[in-house]
Amino acid sequence: MTDTEVALRAAINLLRDSVETGNMPSGERLTEESQALHERAAEQLERLLAQL
């Protein structure tokens with residue numbers, strides 16, 4: 001696995017965890033809009049990862 005793949009997987013996991021818990025890693029609560037944005041970002045990173 002390349003460094004780029006590792007970085008993308010880590011970012012995807014962080015975004016997905018935030019969506020699932022409804023919180024940022026710092027503990028700050030996400031709004032519904034923020035959760036949707038995080039989900040869209042994770043999906044986009046998944047697409048980019050699949051292209052590698």
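Biologist: Why is Ser18 called buried?

Modeller: In this predicted model, Ser18 has a relative accessible area of 4%, and since the term buried applies to values under 20%, Ser18 is buried. Its place is in helix 1.

Biologist: Which residues does Ser18 touch, leaving out those up to four places away in sequence?

Modeller: With those neighbours not counted, Ser18 touches Asn23, Met24, Pro25, Leu30, Gln35 and His38, where a contact requires heavy atoms within 4.5 Å.

Biologist: Why is Gln44 called partly exposed?

Modeller: Gln44 has a relative accessibility of 36%, and because partly exposed covers the range between the buried limit of 20% and the exposed limit of 50%, Gln44 counts as partly exposed.

Biologist: What makes the pair of Arg16 and Glu39 a salt bridge?

Modeller: Their side chains meet at 2.3 Å, N to O, and because the criterion asks for a nitrogen of Lys or Arg within 4 Å of a carboxyl oxygen of Asp or Glu, the pair of Arg16 and Glu39 is a salt bridge. This pair links distant parts of the chain, with Arg16 in helix 1 and Glu39 in helix 2, 23 residues apart.

Biologist: How do you know that the side chains of Glu46 and Arg16 also meet in a salt bridge?

Modeller: The N to O distance for Glu46 and Arg16 is 3.9 Å, and as the cut-off is 4 Å, the pair is counted as a salt bridge. Glu46 lies in helix 2 and Arg16 in helix 1, so this pair ties together parts that are 30 residues apart in sequence.

Biologist: What links Arg16, Glu39 and Glu46?

Modeller: A network of salt bridges links these three residues, and a search of the whole structure finds two salt bridges.

Biologist: Why does Glu5 have no salt bridge?

Modeller: The nearest side chain of opposite charge, Arg9, is 5.6 Å away from Glu5, and because a salt bridge needs a distance within 4 Å, Glu5, although buried, has none. The side chain of Glu5 does reach the backbone nitrogen of Thr2 at 2.7 Å, and Glu5 is also in contact with Leu49 and Leu52, leaving aside neighbours within four places in sequence. Glu5 is found in helix 1, residues 3-21.

Biologist: What is the secondary structure of the protein chain, and how much of the chain counts as buried?

Modeller: The protein chain has two helices and zero strands, and 23% of its 52 residues count as buried. Its C-alpha atoms fill a box of roughly 35 × 20 × 10 Å along the principal axes, and residues 24 or more positions apart account for 45% of the contacts with a separation of 6 or more.

Biologist: How many positive and negative side chains does the protein chain have?

Modeller: There are 5 positive and 10 negative side chains in the protein chain, and the centres of the two sets lie 3 Å apart.

Methods:
Residues numbered from 1 in each chain as written. Predicted model: local features only at pLDDT ≥ 70, side-chain atom pairs only at ≥ 80, totals over all residues. Heavy atoms only, no water. Helix = DSSP H or I, 4+ residues; strand = E, 2+ residues; numbered from the N terminus. Buried < 20%, exposed > 50% of the residue type's maximum accessible area, 1.4 Å probe, protein only. Lys, Arg positive; Asp, Glu negative; His and termini not counted. Polar contact = N/O pair within 3.5 Å; in protein donor to acceptor, adjacent residues only side chain to side chain. Charge placed at Lys NZ, Arg CZ, Asp CG, Glu CD.
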